[in-house]
Every structure is written in C-alpha cells, then in structure tokens.
Amino acid sequence: MPQKKKSSQATLKYNQDIRRKLLAWYDKTKRDLPWRNTKDPYSIWVSETMLQQTQVKTVIPYYERWIKVLPAIDKLANAPEQEILKLWEGLGYYSRVKNLKKSAQIVHKEMNGKLPQTVKALQNLPGIGRYTAGAISSIAFGLKSPVLDGNVKRVFSRLFCINDNGATSSFESRLLEIAEDLLPVRRPGDFNQALMELGATVCTPKSPTCQQCPVRTTCQAFLKDCVNKFPSTKKQICAKKIEVSAGIITKNKRVYIQQRAKNGLMGGLWEFPGGKREIGESLEECLKREIKEELRANIDVSERVMTIKHTYTNFRVILHVFSCKLQDKRIRPKGCEQWKWVSLSNLKKYPFPAANVKIVKYLTEK
Ligand code: SF4
C-alpha cells in the first residue's frame, strides 16, 4: 500500500487555522436543530437518514414526531411496517425507512440494542452508507471519522481549488484525504457539522456569502477571485416527464384505495388506482384502461378534480386526478398487496406517496 505523504509544517498550520476558525464560527452561529441537542446514536442515525436528499426544514417535524413515537431502537425494531411508513409519509425515498427498520432489527437482536461505533461496522448495516456512517461515528461516538456530503464537497472544492474534471473517483479520494487531514481529534463531530453548516448556510451552491465566511482568508478560490469556477457544474440532465391519470372511485361514501406490492417501488404504501398515459391515449382513456387492468371493472370518468406536479430524482410526474363512477357492481383487483373501501375519516390513517397525500388532503379537507 502506498504510504501517505507526511504533511508539511505549513500544511499543519493551515489546517489548524481552518479548524480553529470554523469551530469558533460554528459555536457562535450554528442553527438550533433538534438533533443537535443529543448525542444519542439512534437519534443521530434517524436524523441523518431523514436528511439524505431532504431539506432541514422539511425534516424537523418528521424527526420530532418520529422520536416521540419511536424513541429507541427496540421501539423501531418492533413497530409495525404501516406505522413507520405513516410516520415517513411524504418524506420520499422509502427504501431509507425500510432499511432503517431492518437495521434496527439487526441491532436489537444481534448487537444487544447498541449501534456499532466505527464507520466500517456501521456500513455493514442495511442503508448505512459511507456518509451516514461517518456522521454517526463522529457525532455520536466522537471518533475521527470524516464525512463527505454535497455541502462538504463544495466547500473543499472551493477552499482548495479542486474540480472533478470528469475523474469522479480520484476527485472523491482526494476530498476524503483532505477531510481526514483536516479532522481534529477533539470535537470531530462538531467539526464535521461545522463544515456541513458552512456549505448549507454560507458556502451555498449559488451566490456564496464569502464576506461572512469564517475561512475566507484561507479559501483559495476566494483569494484568487474564482469562486464561481468551483465546483465545476455538470450538465443538467432534464428530468423525464411522465403523465399519469388517477381515479377517485366512491361507493357508499367510501373511497377505493389499494396497497402497492411490498417489494416494488414505494412498496407497502397505499394509492388511488391509475397509471401512466400511453402514446396516443387521452387522459380519460388511460384511466379507463388502467382501472380495467387493475380492478377488472369498467368506469365512467367524470370531471377532473385536480392536477398535481411532483418531482422525483430522475423524473417528473404530472398526475391528473378524476372522479369516477363504477359501471360494474363487482371489482376484482389484481397486482396489489391488498385493497379497501375506506371512509374519508379513516383515509388519513394510511401511508401514501407524496403526490397521493395531496389527493387525500383534497378529499378530507374540502
Ligand atoms: Fe465558500 Fe466563499 Fe467561504 Fe470560500 S470564502 S469557503 S467560497 S463561502
């Protein structure tokens, strides 16, 4: 294995300067977030999992509700899946919550209820990647484990004037080396959080507020007046647009919902029936066909009640929602886990994907 080069005195001093300034700034200006008032490994793990691909302000109420209902690993390990899906409803990326539960069961049964401390051991648990492992290990256990999320990468790219230039893996290894060198033995968790906080509040993707930055006198991009060149922007990939029709079918003041297959995308969540429009189809034709396929029944499509736009990671959905009337007396749903006729007052008890939550809201609050 190649030996890591020894840092020069100048580099050591430079790193020390960054640590001191960043930690002092963090102590003074950090946001008061609920997961920052604890060192409990489980709470840190839950918050870091929720924060993946999700904004802080969205996560706060979810986190508070979750910790209230499931305050410890054993509670999560024993919670019914529908309960955890409901607590997660609207946060998206549902594999996160399913892995959280799977890992909680492993920790509860095989590790005496205690999360492991090292990055390596944490990464053996389902759903815990390099970043989350580093965050738990440093914040909850005070170990010198670096983290690299989007915010930290951007800060490093600017601080040290380094870009991806298409060689993503060597860029990432270089950043990881920097992160390891910079991380202090004392307060590694706070330092990691300070870096993330800087990226989230000051060294933002567009228009960073360098005049308020605690490390501007050591930031190479700032000193060379080339902040906007770092990090290099990749070509924006246009998210694919998908048009979907969904139906609200009512019978005896109850509405039809079905549960998605457990092992598929958004598995275990409930939804209104419908599906993707095919080429040449009208939205109404699409809905009739989908209901025929899913419920093995015919419908009359009435008025459109709402149109919902929702963006997922790789595609955008435009969901056209219609109220419908069954032509047939009997339905014979297939392909779903289970189906139900539910009263409006009970509808909110079921977990739905984000776009369907808007339909539930429309029906229960109109
Ligand atoms: Fe980012 Fe500007 Fe601070 Fe450099 S000086 S780290 S570019 S905010």
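A cavity here is a set of points on a 1 Å grid over the protein atoms alone where a 1.4 Å probe fits but cannot get out. A molecule sits in one if more than half of its atoms lie within 2 Å of its grid points.

Housekeeping: this is a predicted model, with local features needing pLDDT of at least 70, side-chain atom pairs counting only at pLDDT 80 or more, and totals for chains, interfaces and linings using all residues. Residues are numbered from 1 along each chain as its sequence is written, and side-chain values use heavy atoms, with hydrogens and water left out.

**Ligand.** I looked up where the ligand goes: it sits in the largest cavity. Around the ligand I listed R158, V202, C203, C210, C213, R216, C219, F222 and V227 (a heavy atom within 4 Å). I sorted that shell by class and got seven nonpolar, no polar and two charged residues. Nonpolar covers Ala, Val, Leu, Ile, Met, Phe, Trp, Tyr, Cys and Pro; charged is Asp, Glu, Lys and Arg; the others, Gly among them, are polar.

**Helices 9 and 10.** Helices are DSSP runs (H or I, at least four residues), numbered from the N terminus. I checked helix 9 (residues 150-159) against helix 10 (residues 168-182): their axes, lines fitted to C-alpha atoms over the stretch in contact, come within 11 Å and cross at roughly 85° on a 0 to 180 degrees scale between N-to-C directions. That makes the two helices roughly perpendicular (65 to 115 degrees). From helix 9, K153, F156 and S157 meet F171, E172, L175, I178, A179 and L182 of helix 10 (heavy atoms within 4.5 Å). I make that contact six nonpolar, one polar and two charged residues.

**I67.** I found I67 in helix 3 (residues 56-69). I67 touches Y42 and S43, leaving out residues up to four places away in sequence.

How values were computed: Parallel < 35°, antiparallel > 145°, perpendicular 65-115°, else oblique. 1 Å grid on protein atoms, 1.4 Å probe; cavity = no way out; pocket = protein on both sides within 12 Å on 5 of 7 lines; lining within 4 Å.
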